[in-house]
Amino acid sequence: MPDLPPRVPVCLTIAGSDSGGGAGIQADLKAFAACGVHGASAITAITAQNTLAVTGVWPVPPDAIVAQIAAVVDDLDVAAVKIGMLGSAESTAAVARGLALLDPGVPVVVDPVMVAESGARLLDEGAVTALVELILPRATVVTPNLPEARVLAGHPRAGDPRADHSHADHPRADREGAEEGTRRPAAAIPAAATPTAATPEAEAAEAEELARAIHRLGPSVVVVTGGHRTEAIDTVFDGTTVTRIRGERHADGAAHGSGCTHASVLAAQLALGLGPVPAAREAKARASAAVRDGLRGVGAGAGPVDVLGLAARRGAPARPGDLAS
Ligand SMILES: Nc1ncnc2c1ncn2[C@@H]1O[C@H](COP(=O)(O)OP(=O)(O)OP(=O)(O)O)[C@@H](O)[C@H]1O
Ligand SMILES: Cc1ncc(CO)c(N)n1
């Protein structure tokens with residue numbers, strides 16, 4: 001009998017569609033392919049989007065979200081899940097119903113998408129509560145950027161352009177902390193965490209504090225990504241240890257889809273058997289390279305990241321089987 005080829009793991013992304021192909025489901029499937037895993041998808045929302053703007057958002061009906069997840073898990077052996085744009089509280093509740101169909105041991109990576117790179121809101125005001133209450137406790141890894149981390153931890157900044165949600169509707173972090181006696185009330189967040197004090201040291205301290213606060217909401221591991229910091233350092237907290245993942249900052253790269261790519265690579269690496277911290281290192285390395293190699297010429301706005309090395313492959317000699325041009 002011929003040897004069977006090695007089994008390719010399956011990853012499921014539950015996320016929104018970006019018509020421009022830079023972020024969302026489209027970025028996730030590219031990142032999965034780059035890592036050598038098979039990608040399946042459940043679409044939560046359709047966005048009309050390009051590199052400049054989001055011009056429309058249409059939620060997928062909740063039953064259709066659950067049905068997509070059910071169809072995948074009924075047939076495919078899902079090894080890890082990545083969750084991106086949820087959009088509304090109703091969609092979030094549907095995703096929670098879908099997650100209940102999975103084996104409880106399947107790792108779930110949650111990228112708490114709130115605002116697009118172009119500035120459009122991708123999570124309703126009232127949906128933060130649903131995300132915190134229904135999704136975070138099931139998360140193996142949650143990957144907020146700094147503004148998203150502030151919202152999740154209950155410490156949004158007035159005027160923060162990427163995460164200006166009110167947090168009055170999700171008091172859980174403060175409530176729990178008050179019970180434990182370990183959590184500062186929102187008003188008492190240290191001065192080091194204010195935007196005016198954004199030295200690299202202050203950002204590092206804030207990222208660590210936020211990672212610890214979000215960890216109390218239920219995820220096993222928190223990765224506060226560094227794309228919005230002076231130094232692009234990712235901060236990982238696993239409940240015991242803080243690990244800082246450093247890397248060069250590519251200021252002239254193209255970063256549309258960096259967060260989706262990062263979380264999808266992380267999920268793929270968990271599916272391939274890595275632990276969360278090594279998986280976060282691989283995610284940082286691949287997301288950073290994808291920003292560095294980002295497709296600046298594609299669209300007039302922030303170009304899409306290039307996780308597949310498409311630009312590098314142009315001009316490379318054709319391989320057997322490639323179509324002659
Ligand atoms: N300019 C950059 N140079 C190097 N690494 C970067 C850069 N921007 C982002 N990254 C890396 O990309 C990953 C995603 O981080 P980022 O904070 O950009 O996510 P995000 O804000 O959620 O993304 P998105 O804009 O897609 O929502 C992290 O590992 C981060 O360190
Ligand atoms: C659909 C979608 N998901 C996530 C992001 C965040 O980059 C985006 N811009 N669009």
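Reader: What makes a residue in the shell around ligand 2 count as nonpolar, polar or charged, and how do the residues divide?
Author: The residue type decides: Ala, Val, Leu, Ile, Met, Phe, Trp, Tyr, Cys and Pro are nonpolar, Asp, Glu, Lys and Arg are charged, and the others, Gly among them, are polar. The shell around ligand 2 has six nonpolar, five polar and no charged residues. This is a predicted model: local features need pLDDT of at least 70, side-chain atom pairs count only at pLDDT 80 or more, and totals for chains, interfaces and linings use all residues. Residues are numbered from 1 along each chain as its sequence is written, chains are lettered from A and ligands numbered from 1 in the order written, and side-chain values use heavy atoms, without hydrogens and water.

Reader: Which residues are around ligand 2, and what puts them there?
Author: A residue is near if one of its heavy atoms lies within 4 Å of the molecule. Among those around ligand 2 are Gln49, Met85, Val113, His256 and Cys260.

Reader: How much of ligand 2 does the protein bury?
Author: The protein buries 92% of the 280 Å² that ligand 2 exposes alone (Shrake-Rupley method, 1.4 Å probe; for residues, only the protein chains shown count as cover).

Reader: Which helix gives the largest share of the shell around ligand 1?
Author: H9, with four residues. Helices are DSSP runs (H or I, at least four residues), as are strands (E, at least two), numbered from the N terminus.

Reader: Why is the pair of Asp77 and Arg7 called a salt bridge, and what does the pair tie together?
Author: The N to O distance is 3.0 Å. The cut-off is 4 Å from a side-chain nitrogen of Lys or Arg to a carboxyl oxygen of Asp or Glu, so the pair qualifies. Asp77 lies in the loop between helix H2 (62-75) and strand E4 (78-83), and Arg7 in the segment before strand E1 (10-18), so the pair ties together parts 70 residues apart in sequence.
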